[in-house]
Amino acid sequence: MKKTRLLLLLALLMTAATGAWADETLLLTIESRDYKTFKSGSKTFDDKVTVTFSNSVQNDGDNWGWYANSSASLLTVAGINGYTITSCKFYVEINGDAMTGYTIKGESPSVYLNNLNVYTDNSQSVKIGKNGVTKIEVYEAAAPAGYTVSLKDGVKDADKWTISPNPAPEGSPVTIQYTGRLKVKGVKATVEAPAEATPALSINSPSVGQVIGSDGKNYDYGSLPTGVTAVAKICYVSGSNGLALALTDEEGTMEWRPAMETIAAHTAPFTGVTWKVASKDEWSNMITAAGSYTALRDGFSSVGGTNMQSNYYWTSTEWDSNGAWSYNFSDGYWASDPMDFENCVRACLAFTVEQGGAAYTLLSAATTADYGKVVCAAGHLHDAKTAVPTGCTAVGILGKVTETGHGLILALQNATEQEWETIDGWTSVTTYAGTTLKVLPDDDARGSLTSYTKLGETAVSNWAVAQKSDYEAIFENLGSTQSDGFNGTTYNDNVNAFITTGVDGLAILGFYWSATEESDYNESWNFYNYCWTTNRKSTCYNVRPVLGFGGEAAPAVKPAATVTTAPTGAAIVGVGKTTALVSGGVADGGTLWYAVTTTNTKPTSTAGFSDAVPTAETITASGTVYVWYYVKADDTHSDSEIAATAIEVPVADIVWDVTNVSDLEVWGDFSPYTKEGVTLSGNSENVQVLYDNYGDPETDGIVFEAFGSGGFTFTAPTGKAFTKIEMKAVGIAGWDGANLGTGWAYNNTTVTWKGTAAASTVGLLTDADMFSGEPIISIVFYLSE
């Protein structure tokens, strides 16, 4: 009896400690296409629910589902045989998400069908969508949560204990029996909370800049639900694949092998994925998707993270057994580092859209059933007459697909007006749609249209003028019946509805050239809103181009040449001198080419670049010049991009340094020194200036000494005045505590004069009785008229 009381106490304790009920669960799914003969009355499904129509409806077994025809109808779902419905989710588009799910506990969800439209009720005040109801998901309350009873390690006669039921439903007691010979003194029950399950990754319609939340779903950062925190930022999406970076770096810097091991050991935030270090190619993809390396580097604080550092980051890509690639987020260049170098590390998640989210149909898998769908730049097919999701760019309307997987995409905008004779001279391609396309040659011809050679992973022709037969097929496939009965189908409002609805394209209006010639009359075919006709080839008409897809695979992409060591800018150069502006650059896969600008504006093309290292010889004014560079590729590489940041080089009017004043001597006040129009003179017999030249450029320089008062004077060239004088010293000794004189200042190893106004003469150390300082490496003079 005592044992029985203890067992009952165990049951009561465990009952009181168990958890709450779980969420609702899917009871069954009903798809309209499977029940195309069910159009009126009621029907029972799986002896669990009934679906009832108040009036007869239509169901063609296709993408339109159940819809009202002559009379509106209320569609109602109800539970039977003890099943209680908690909600129904009504799908209004084939393969689409439910527009609205309604939860009416203990009652029956319903929607109102009127023609092709679906409403919440017969007031028709809230429209869910159109094209009927294609699918119904019916939900019920989930079974109560349960618990499992186990014996603590070390319990004697463990095999003599039985626990039933085990696991047990929440709220239900369990019976524990012992069948051994030992005396049971008592049973102690403790409750352990179940381990929190790792969420599954559920990425749906991702776009660069979104974050992945702690629930495994993707969100705009400002739309994170309460209780969900950002885990990673999506930095690259292509088709159904993507990459996301952690919001913070690993602590400190690491050698390559410990970095790989540290990241691999991190607990996965979601099922089906693991943290990793991104490869060289993956880093390149993320930088390209961000627009620049600086945009990627500085793009994490806006989503609650910490921006990356202007430093080197490891990739997982090795370049030999002892080295691996890193990327410098300070200057935007790759480096091949020994693995024992220490670099920054940021973890990466690689994901696929199929991990929980509905993947888009890819352009490469398009069929005739997809006519009218919107094609985006990522190579996805989106629902017709619907805005594409955030992060996608609408490109055109799918208008033709052949049995061989080739096809044509109709542009959303016009290209530049052209004469047919001009079109005829453009390059022909024949690998798409079985016809000859005339490819628009440049941006001037394309007008506002963006140039494309790939949509996602699918190669395309770039924008081209199609043949008459192509345009006719496109118009027919998009629902046009407009024809004069002789020359073929042209466009009408059905075609323009696909172009303008949801994606804000420009309706086709007016006369448009095709690429087809009418040789009998020395004319060519064009279409307008009534029929096809021919006209003189010299006539200027609109152009509505197409993209051909599914042709021969794009040629293999050559690896880009890289800058392995960035050039270094000269510390200072003089106007008109032959001094090199930069030095030390090293390229892999090509040769460095340079261009110089006087404003910090990146060139838009490589026109004007040269492989000659630029000098100050052609510079005519002091200030700052900007040296841009890129790698012109060899035969096995492609050109690199122009460097994102220029090398800034200061330019002075006159520079004194080892190249031109190694003969400098000033003795007292009777032997001044003049170079390039500037004169340095002593103001008393107790001063001297000499150039000490011992063959060490780091310590050689101009030595100023004073053994009494007087100091020195700089005199500007005739007709000129000094606006600034800057002297660079080897070290601080002597200069840091000297009485330099009016207008002079000392900072670190730089001694600068910048008076309140331009002056033709400037005194130095004029009030210093005794002075001896570190050598001056260079003196630069800035002048005005």
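## Around Asp-700

Leaving aside residues up to four places away in sequence, Asp-700 touches Tyr-691, Asp-692, Asn-693, Tyr-694, Gly-695, Val-730, Pro-775 and Ile-777. Keep in mind as you look around that this is a predicted model. Asp-700 sits in the loop between strand S52 (687–692) and strand S53 (701–706).

What does the side chain of Asp-700 reach? It is the backbone nitrogen of Tyr-694, at 2.9 Å; Tyr-694 is also among the residues that Asp-700 touches. Asp-700 is buried but has no salt bridge. The nearest side chain of opposite charge belongs to Lys-675, and that is 17 Å away.

## Salt bridges

Side chains of opposite charge can pair when their charged atoms come close. How many salt bridges are there here? The count comes to 14, and a few of them are worth a visit.

One joins Lys-537 and Glu-517, with an N to O distance of 2.1 Å. This pair links distant parts of the chain, 20 residues apart: Lys-537 lies in the loop between strand S37 (532–536) and strand S38 (540–541), while Glu-517 belongs to strand S35 (residues 512–518). Lys-537 counts as buried because its relative accessible area is 10%, under the 20% limit. Glu-517 has a relative accessible area of 41% and is partly exposed.

Another brings together the side chains of Glu-676 and Lys-577, at 2.6 Å from N to O. Here too the pair links distant parts of the chain, now 99 residues apart. Glu-676 is in the loop between strand S50 (673–675) and strand S51 (678–682), and Lys-577 is in the loop between strand S42 (573–574) and strand S43 (582–583).

## The largest pocket

Which element gives the largest share of the lining? That is H3, with seven residues. Helix H3 (280–290) is one of the elements that each supply at least two lining residues, along with strand S19 (230–238), strand S22 (323–328), strand S23 (333–338) and strand S40 (562–565).

Val-762 is part of strand S58 (residues 761–764). With a relative accessible area of 3%, Val-762 is buried. Its contacts, not counting residues up to four places away in sequence, are Phe-712, Thr-713, Phe-714, Phe-722, Ile-725, Trp-744 and Trp-753. The C-alpha atom of Val-762 is separated by 6.7 Å from that of Thr-715, a residue 47 places away along the chain.

Thr-84 is partly exposed, at 46% relative accessibility. How far apart in space are Thr-84 and Glu-140? Their C-alpha atoms are 6.0 Å apart, although 56 residues separate the two in sequence.

Conventions
Residues are numbered from 1 along each chain as its sequence is written. This is a predicted model: local features need pLDDT of at least 70, side-chain atom pairs count only at pLDDT 80 or more; totals for chains, interfaces and linings use all residues. Side-chain values use heavy atoms; hydrogens and water are left out. Helices (H or I, at least four residues) and strands (E, at least two) are DSSP runs, numbered from the N terminus. Buried means under 20% relative accessible area, exposed over 50%, partly exposed in between (1.4 Å probe, protein chains only). Lys and Arg count as positive and Asp and Glu as negative; His and the chain ends are not counted. A salt bridge is a side-chain nitrogen of Lys or Arg within 4 Å of a carboxyl oxygen of Asp or Glu. A polar contact is a pair of N or O atoms within 3.5 Å; within protein, one must be able to donate a hydrogen and the other to accept it, and residues adjacent in sequence count only if both atoms are side-chain atoms. Contact means heavy atoms within 4.5 Å.
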